[in-house]
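Subject: A structure for you to look at

Hi there,

Have a look at it first, and then read on for my notes.

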Amino acid sequence: MKCSRCKATACVSLPSHHSGFCPDCFKLFFTRQVETAVRREKMFTRDERILVALSGGKDSLALMLELSSQGYDVTGLHIDLGIPDSSEKARAKVEAFCASRGLRLEVFEMAKWGLPIPDVKRFSTRPVCAVCGKLKRHHFNRIALAGGYDALATGHNLDDEVARLFANTLRWDVGYLSDQGPALPAREGFVRKVKPLFRLSEFETANYAFLQGIEIHSDPCPYASGASFTGHKELWGELEHRSPGQKFQFYQGFLQRGRRAFAALDKAEGDVLAPCTACGSPTNAGVCSICRIRESIREKKLEAGEA
Amino acid sequence: MITVNLEPDGKVLELHDIRSVVGLLNKLGMRHTMAIIARGGELLTPDRKLSHGDVVLVRKVTSAG
Ligand code: SF4
Ligand SMILES: [Zn+2]
Ligand SMILES: [Zn+2]
């Protein structure tokens with residue numbers, strides 16, 4: 001296969017774009033997709049400060065590298081979850097990556113905050129990933145606001161977005177469907193949230209990461225189950241194989257035609273948010289769920305004689 | 001025979017009668033966009049030929065969490 005742009009030997013074939021690219025032209029394709037995403041969704045400008053959530057996965061590192069090479073003012077934020085073995089490796093990888101590329105990095109430690117994820121696993125009655133995800137989102141938002149950042153960027157790609165949209169559509173979850181999308185404006189208590197890789201598939205990001213020499217953190221979290229998420233991605237992989245481009249159309253169609261309807265519904269019926277009386281984060285419940293989780297785990301630890 | 005390094009599983013497979021990347025993907029039961037395939041640091045599109053003695057990296061793209 002020849003590169004669609006320069007006719008050199010292609011290294012990546014992209015059925016959904018009816019094209020193939022050589023390494024240089026693929027890099028250009030990737031950059032253009034991010035530029036288009038940032039411009040069309042009005043994500044941020046070169047005068048703004050962007051905090052990039054860095055898990056250590058290929059997507060977040062690829063995002064950080066690409067935004068920095070486009071001249072954006074980026075700082076990475078890694079949350080050390082305190083999971084033995086796995087968190088140390090992820091953190092070391094993010095630190096090495098940022099150091100070698102001269103990128104700014106902040107690290108927040110869950111253990112220092114008093115709630116390493118293994119405690120959640122042991123003492124919470126809720127699924128660990130649900131709580132872990134909530135905690136991470138809380139801290140990313142809080143740290144972005146406290147640091148005066150204009151936007152929080154995450155490495156979610158098209159497959160992540162479609163899998164999540166699909167899961168929420170299967171449940172007709174109005175709350176999620178009303179405020180899901182690649183760019184959510186700031187509002188009281190929430191920083192602006194953006195996903196500059198939303199036009200790019202997991203396959204495309206993986207190719208970019210490979211070509212940029214980004215190593216992949218290949219020790220998955222020991223608590224990961226990921227069953228339904230991975231299942232939905234596989235289903236979509238099959239649909240995409242049969243009609244290339246369908247994934248993007250489904251997501252784009254939702255943004256253009258579906259989301260507004262759900263937002264209107266949610267506005268009519270949804271919750272009113274006020275600052276948490278303990279920590280100030282927006283909540284609909286007096287004391288927010290983060291503070292309640294933290295308190296209940298602290299009590300259970302005390303009962304177990306461990307705190 | 002070709003040698004396949006499967007990531008992130010960390011498995012090594014030895015496969016016979018594989019003549020192309022698409023043949024390899026089929027053998028592994030994978031769609032073209034489920035994994036990136038590289039040989040000697042070079043990414044390969046599905047139409048590329050493979051030959052006896054090749055060592056190939058197959059890296060699945062779906063992250064588990
Ligand atoms: S797999 Fe679950 S526990 Fe592990 S990092 Fe992800 S959300 Fe947290
Ligand atoms: Zn080219
Ligand atoms: Zn609170």
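Let's begin with one cysteine: C279(A) is partly exposed, with a relative accessible area of 38%. C288(A), in contrast, is buried, at a relative accessible area of 3%. Please keep in mind that this is a predicted model.

The zinc ion (ligand 3) is held by the SG atoms of C276(A), C279(A), C288(A) and C291(A), at 2.3 Å. Along the sequence these donor residues follow the spacing C-x2-C-x8-C-x2-C. The angles that the 4 donor atoms subtend run from 105 to 113°, so the arrangement is tetrahedral.

Which residues coordinate the zinc ion (ligand 2)? Here the donors are the SG atoms of C3(A), C6(A), C22(A) and C25(A), at 2.3 to 2.4 Å. Their angles of 99 to 119° make this arrangement tetrahedral, and the sequence spacing is C-x2-C-x15-C-x2-C. C3(A) sits in the segment before β1 (12-14) of chain A and C22(A) in the loop between β2 (19-21) and α1 (23-40) of chain A, so the pair ties together parts 19 residues apart in sequence. C3(A) and C22(A) are both buried.

Finally, a helix pair. Helix α2 (residues 58-69) of chain A packs against helix α8 (residues 202-211) of chain A at an angle of about 65°, and their axes are 9 Å apart. The crossing of α2(A) and α8(A) is left-handed. Among the residues that meet are A62(A) and L65(A) from α2(A), and A206(A) and Y208(A) from α8(A). By class, this contact has 5 nonpolar, 1 polar and 4 charged residues.

Enjoy exploring!

Conventions: Residues numbered from 1 in each chain as written. Chains lettered and ligands numbered in written order. Predicted model: local features only at pLDDT ≥ 70, side-chain atom pairs only at ≥ 80, totals over all residues. Heavy atoms only, no water. Axes fitted to C-alpha atoms, helices over the stretch in contact; angles between N-to-C directions. Helix = DSSP H or I, 4+ residues; strand = E, 2+ residues; numbered from the N terminus. Left-handed = near helix turned anticlockwise from the far one by under 90°. Contact = heavy atoms within 4.5 Å. Nonpolar A, V, L, I, M, F, W, Y, C, P; charged D, E, K, R; others polar. Donors = N, O, S within 2.8 Å, 3.2 Å for Na, K, Ca; no water. Tetrahedral: all angles 85-135°; square planar, octahedral: opposite > 155°, others 65-115°. Buried < 20%, exposed > 50% of the residue type's maximum accessible area, 1.4 Å probe, protein only.
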